[in-house]
Amino acid sequence: MSIESSEQINNLTTQLRDSKTRFRAIFDQTYQFIGLLTPEGIVIEANRSSLTLTGVEEKDVLGKYFWDTPWWTHSKIEQDRLKDAVKRVASGEFVRFQTSHTDSEGQIHYIDFSLKPVIENNKVTMLIPEGRDITDKVEAQNALTQLTEQLEEKVAERTTELSIKNNELTIAMQRIESAMQQLVMAENLASLGALVPGITHEMSTPLGISVTSISHAEQLTQELARQYHEKNLSKNKMLTYLDDMDESIKIASTSLSRAVDLINSFKQVAIDQASEQKRQFVVKNYIEETLLSLHNHIKQTNLSVQLDCDEALSIESYPGMYSQIITNLLMNSLIYAYDKEDEGKIKIQVTKKNKTLELIFSDDGKGIPDNNLSKIFTPFFSTGKEKGGSGLGLSIIHNIVTEKMHGHIECKSQIRKGTQFTITLPI
Ligand SMILES: Nc1ncnc2c1ncn2[C@@H]1O[C@H](COP(=O)(O)OP(=O)(O)OP(=O)(O)O)[C@@H](O)[C@H]1O
Ligand SMILES: [Mg+2]
């Protein structure tokens, strides 16, 4: 061999060694787990990363079947899976699956594992196993799945709790609604009850007069009968008797008609308050009848009540509601606007303006302080609890005007000047 060719060989050998060293460095330094197997599955190379993972040395794995090395011996299932993979890759296939290994400290690592064939001249000459540690990714994924499951559980729990609460709320709302209805009914009945003393008082006068005239007539008739039996009945006496009788009967009859009228009007107010029937009625008459039923309360004061309303004004509406509005407003003025001996004037003005009816109710009493004015329509607000006020009167009126009659109500008040309610109702 010439010196030249010997030098060439030397150079080539050095280059080859350098290249092997570089390859080895890359092979060992890479973070991936790489090795080399014979087509039968015997380990002929394993890089440093893969050895470090299980804490073994080359001599523990080289020359052994891959599935008998410490990377796989922890699980019979994984060993069988690998054996099957080796067979398939030895016949030219590419196999990839996720597996797990236990490291030298006993910690589980999830590995994205693949096995590739090296094919030379149509023949599989080697197998390259490759593994990538995906523990962080898998754990993050597991944590995410767990979190999602927990969240779903929480959401389901909350949904159940919410629907239970919702049911409870619905039931509570229904109870409140029925309680409100009962209160409204009680208020209706209470204002009906307020009519009773008025009715009794108004009726006692004409009925009393009737009773007196009829007992007078009875006495006259007994006297006449006595004179007749004693054969003492003169023509003059007979004529006087007839005159007296005529007068007594007239008085009794007028008073009884008055009583019948009163009963009819009270009956109508009472029916209207209780039944809320829509019907045609003459507004002025109807308000007068309502005021008559409150006469007993008014006459115990030094207050006058003035009603301005066109006598011919007749509307189709709910008269019971009008009487309830007037009764509540008037009772409020009597109770809250004046002291016992105060003189004052309460005015009710009703005017028809196109398709609306305007009802202005005003008193010239004490007025309502500003900080109360905003609360008067709120249910249960009352400054007269000790006098038996429930604080429902104005809230019911508000409800009647806005909800039932689709109208509007507002209140203006000035201390020591008085209070004015303006109600507008579509007709
Ligand atoms: N004309 C008025 N003058 C002065 N204050 C009034 C007048 N009308 C109402 N108020 C005040 O408004 C409050 C609420 O009135 P509302 O009619 O709603 O309840 P109440 O009269 O106290 O009780 P209820 O009517 O249920 O018996 C009264 O307690 C009173 O303080
Ligand atoms: Mg009231």
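**The mixed sheet**

I began with strand 10 (residues 356-363) and strand 12 (residues 418-426), which pair in the antiparallel sense over eight bridges. Phe 361 has Phe 421 of strand 12 as its bridge partner. A note on terms: helices (H or I, at least four residues) and strands (E, at least two) are DSSP runs, numbered from the N terminus, and two strands pair if DSSP finds at least two bridges between them.

Before going on, I wrote down the ground rules. This is a predicted model, in which local features need pLDDT of at least 70 and side-chain atom pairs count only at pLDDT 80 or more, while totals for chains, interfaces and linings use all residues. Residues are numbered from 1 along each chain as its sequence is written, and chains are lettered from A and ligands numbered from 1 in the order in which they are written.

Then I traced the sheet: five strands form an open sheet in the order 7-9-10-12-11, with mixed pairing. Strand 7 (302-309) and strand 11 (408-414) are the edge strands, each pairing on one side only. On average, neighbouring strands of this sheet are turned by 10° against each other, direction ignored. Helix 7 (residues 283-293) packs on the sheet and touches strand 7 and strand 9 (343-353); its direction makes about 165° with that of strand 7. For such angles, axes are lines fitted to C-alpha atoms, for helices over the stretch in contact, and the angles run from 0 to 180 degrees between N-to-C directions.

**Helix 7 and Val 283**

Which residues of helix 7 are buried? I found Val 283, Tyr 286, Ile 287, Glu 289, Thr 290 and Ser 293. Seen down the axis of helix 7, these buried residues fall within an arc of 155°, so they line one face of the helix. The arc is that of the directions from the helix axis to the C-beta atoms.

The cut-offs are 20 or more other C-beta atoms within 10 Å for buried, 12 or fewer for exposed, and partly exposed in between, with C-beta atoms placed from the backbone. Leaving aside neighbours within four places in sequence, Val 283 is in contact (C-beta atoms, placed from the backbone, within 7 Å) with Cys 309, Leu 313, Ile 315 and Val 350. Val 283 and Pro 319 are 36 residues apart in sequence, yet 8.2 Å apart in space, C-alpha to C-alpha.

Next came an open sheet of five strands in the order 2-1-5-4-3, with antiparallel pairing. Its edge strands are strand 2 (43-46) and strand 3, each pairing on one side only. The twist averages 25° from one strand to the next. Helix 4 (residues 76-90) packs on the sheet, touching strand 3, strand 4 and strand 5 (123-133), and its direction makes about 20° with that of strand 4.

Strand 3 (residues 95-102) and strand 4 (residues 108-120) pair in the antiparallel sense over eight bridges. Arg 96 has Ser 114 of strand 4 as its bridge partner. Five residues lie between the strands of this hairpin, where Gly 106 takes a positive phi near 85°.

**Ligand 1**

Last, I counted 23 residues around ligand 1, the closest being Asn 332, Ser 382, Gly 389, Gly 393 and Leu 394. Near here means a C-beta atom, placed from the backbone, within 6 Å. Helix 9 (319-337) and helix 11 (393-404) each supply at least two residues of the shell, and helix 9 gives the most, with five.

Notes:
Contact = placed C-beta atoms within 7 Å.
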